[in-house]
Amino acid sequence: MAHRPNRHSLFLVHLKFLKWLERARPLSNGGRTSPHPHDVNICCFFVFQQISKEYGNVFSLQYFWKKMVVVNGYEAVKEALISRSEDTADRPRLPIFEKAGYTGETKGIVIANYGNSWRDHRRFTLMTLRNFGMGKKSLEERVTDEAQCLCDAFVSKEGRPFNPHYLVNNAISNVICSIAFGDRFDYDDQKFQQLLHLFDAALKGESGLLAQILNEIPILTNIPWLIDQVIEPERKIIAFLKEIISEHKKTWNPDDVRDFIDAYLLEMEKVKEDGKSTFNEANLIQTTNDLFGAGTETTTTTIRWALMFMILYPDIQSKVQEEIDQVIGRERKPTMGDVLNMPYTNAVIHEVQRFGDIIPLSLPHMTYRDVELQGYFLPKGCKSIAANCVEYSYRLWGTQIITNLSSVLKDPQVWEKPFQFYPKHFLDESGKFVKREAFIPFSAGRRVCLGEQLARMELFLFFTTLLQQLMFEIPSDHPRPEEKAVFALTSSPQPYNICAKARM
Ligand code: HEM
């Protein structure tokens with residue numbers, strides 16, 4: 001018979017978390033004063049792992065009014081995301097976004113509730129990305145050209161130390177720009193820099209503490225001063241996207257679809273007589289915003305980890321370069337067709353994603369219906385008195401589910417050296433690439449990352465283009481960068497400097 005997961009109070013977890021922050025350092029760094037690689041991730045992992053030891057792989061936390069269930073380890077996460085895919089495919093309500101205007105059926109994809117609007121937009125976006133060449137030669141060429149622009153920008157530093165963060169961010173954003181707007185921006189374009197700054201500020205604001213408080217106590221969102229702190233960048237992004245959409249409308253030609261916005265306008269035109277259609281301008285703005293929000297920071301962060309691991313492990317960098325020289329040479333541009341012939345490079349990229357573990361707790365899911373998971377009963381609606389008492393009880397709070405991807409990517413039952421950068425995790429004894437089922441940085445199931453194919457293409461083409469032409473080093477007078485991660489929804493490296501030198 002199904003039973004309810006053991007409950008754990010949020011305050012208790014916070015206390016445990018702090019306790020483990022203290023304990024994990026000496027435990028994991030062998031007594032050095034500087035923190036150990038991936039302290040934050042390891043701490044998240046340890047906190048949940050410790051609680052798991054006491055309460056099992058599925059345990060619940062009381063998070064304000066909501067019940068939040070944390071699912072840990074390969075078997076339990078696989079059951080939640082794959083076997084119970086539809087039952088766990090909903091998203092929790094996020095009142096701050098409703099204040100920004102994304103309500104009901106106008107939530108785009110990422111924050112949309114599981115239902116028709118989400119399904120239609122996900123299907124349309126995937127189809128449009130494919131039409132524009134996701135998985136095909138045309139997009140591949142655009143990505144390789146952008147990788148070359150990034151290489152040129154690195155070369156222009158003439159071997160001097162620099163922080164690669166913003167240049168990588170510019171290049172990756174440009175891939176989405178060319179899909180969404182049909183054009184790229186120069187890296188020093190002021191308008192582009194403002195846009196990138198807004199996306200950055202929006203991500204920070206919307207994943208910060210104040211945003212979490214406002215989401216859980218929505219009545220506070222009525223205080224203009226408070227809500228402005230969180231959603232001002234989002235409002236500016238909406239204004240920016242509205243401007244771009246109105247420019248598109250002026251030159252729109254149904255026979256010449258230039259980009260994602262044109263394709264969406266065409267879809268709106270096709271379904272304009274259908275009163276039930278969810279294709280409208282508000283959803284266009286939010287879906288375009290989703291492509292930037294979900295597609296820029298994630299890939300940028302992964303490439304930043306990749307460059308950092310290359311300077312920390314120069315022997316691995318040399319082996320990748322040897323393979324590039326053998327398979328591609330120095331003149332030809334890399335293509336996706338090369339992946340199959342480059343098992344070592346492919347293994348290194350997979351290991352960057354596994355060990356970099358950039359979205360350790362994935363995005364929150366919510367029960368779409370009552371579900372049994374690992375023998376535990378998770379209700380769709382939480383019938384707590386508090387939930388019914390609050391003003392915002394118009395939707396019963398479902399059970400929020402945190403799928404701890406980190407616990408899978410670093411599951412000691414699955415990986416030989418879970419806490420080391422070890423590309424051999426993806427190689428067999430004869431050096432052939434091996435797929436691993438527990439490799440789920442893009443999550444899995446109904447809500448699996450929509451941009452997985454594009455991201456894989458970007459990671460391979462950017463990484464190989466950069467390493468084909470450049471050698472990366474720690475600047476001689478700089479300290480060795482710390483592998484410690486900074487956590488703000490994504491887990492990213494601390495700022496670090498790098499030297500890029502043309503390969504001899
Ligand atoms: C290395 C790069 C990336 C990683 C590691 C990554 C990872 C993820 C993860 C973990 C999720 C949450 C899935 C869930 O809720 O279970 C997600 C969702 C999503 N990602 Fe990605 N992502 C990456 C790149 C991209 C790119 C390039 C795009 C866009 C073109 C994109 C678009 C999306 C969208 C739209 C969703 C929401 C899917 C939905 O709710 O149905 N991602 N991604």
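1. A residue is called buried if 20 or more other C-beta atoms lie within 10 Å of its own, exposed if 12 or fewer do, and partly exposed in between, with C-beta atoms placed from the backbone. L139 has 23 C-beta neighbours inside 10 Å and therefore counts as buried. Of the 504 residues of the protein chain, 43% count as buried.

2. This is a predicted model, in which local features need pLDDT of at least 70 and side-chain atom pairs count only at pLDDT 80 or more, while totals for chains, interfaces and linings use all residues. Residues are numbered from 1 along each chain as its sequence is written.

3. The protein chain has 18 helices and 11 strands. Helices (H or I, at least four residues) and strands (E, at least two) are DSSP runs, numbered from the N terminus. L139 sits in helix α6 (residues 137-155). The C-alpha atom of L139 is separated by 9.2 Å from that of L129, 10 residues apart along the chain.

4. Two residues are in contact if their C-beta atoms, placed from the backbone, lie within 7 Å. Among contacts in the protein chain with a separation of 6 or more, 74% are between residues 24 or more positions apart.

5. What forms the largest nonpolar core? A nonpolar core is a set of buried Ala, Val, Leu, Ile, Met, Phe, Trp, Tyr and Cys residues joined through C-beta atoms within 7 Å. The largest has 66 residues, and those with the most contacts inside it are L150, A180, A306, L307, F462, F463 and L466. Helix α18 gives the most to this core, with 10 residues. Apart from it lies another core, of 27 residues, among them L61, I402, V408 and L409. In soluble globular proteins, nonpolar side chains tend to be buried together.

6. Helix α14 (residues 314-327) packs against α18 at an angle of about 95°, with their axes 9 Å apart. Angles of 65 to 115 degrees count as roughly perpendicular (under 35 is roughly parallel, over 145 roughly antiparallel, and the rest oblique), so α14 is roughly perpendicular to α18. The axes are lines fitted to C-alpha atoms, for helices over the stretch in contact, and angles run from 0 to 180 degrees between N-to-C directions. From α14, Q317, V320, Q321 and I324 make the contact, and from α18, T464, L467 and Q468.

7. On which side of α9 do its buried residues lie? The buried residues of helix α9 (residues 209-216) are A211, L214 and N215. They cover an arc of only 100° around the axis, so they are on the same side of α9. The arc is that of the directions from the helix axis to the C-beta atoms. Their cover includes α4 (95-99), α8 (190-207) and α10 (224-251).

8. E158 is in the loop between α6 and α7 (165-180), and is exposed because 11 other C-beta atoms lie within 10 Å. S362 is in the loop between α15 (343-356) and β4 (365-366), and is buried because 23 other C-beta atoms lie within 10 Å.

9. UniProt lists C449 for "binding site" in an unreviewed entry; its positions are given in the numbering used here, feature names are shortened, and annotations may be inferred rather than shown by experiment. C449 lies in the loop between α17 (405-409) and α18 (452-469). C449 counts as partly exposed because it has 19 C-beta neighbours inside 10 Å. Leaving aside neighbours within four places in sequence, C449 is in contact with F442 and S443.
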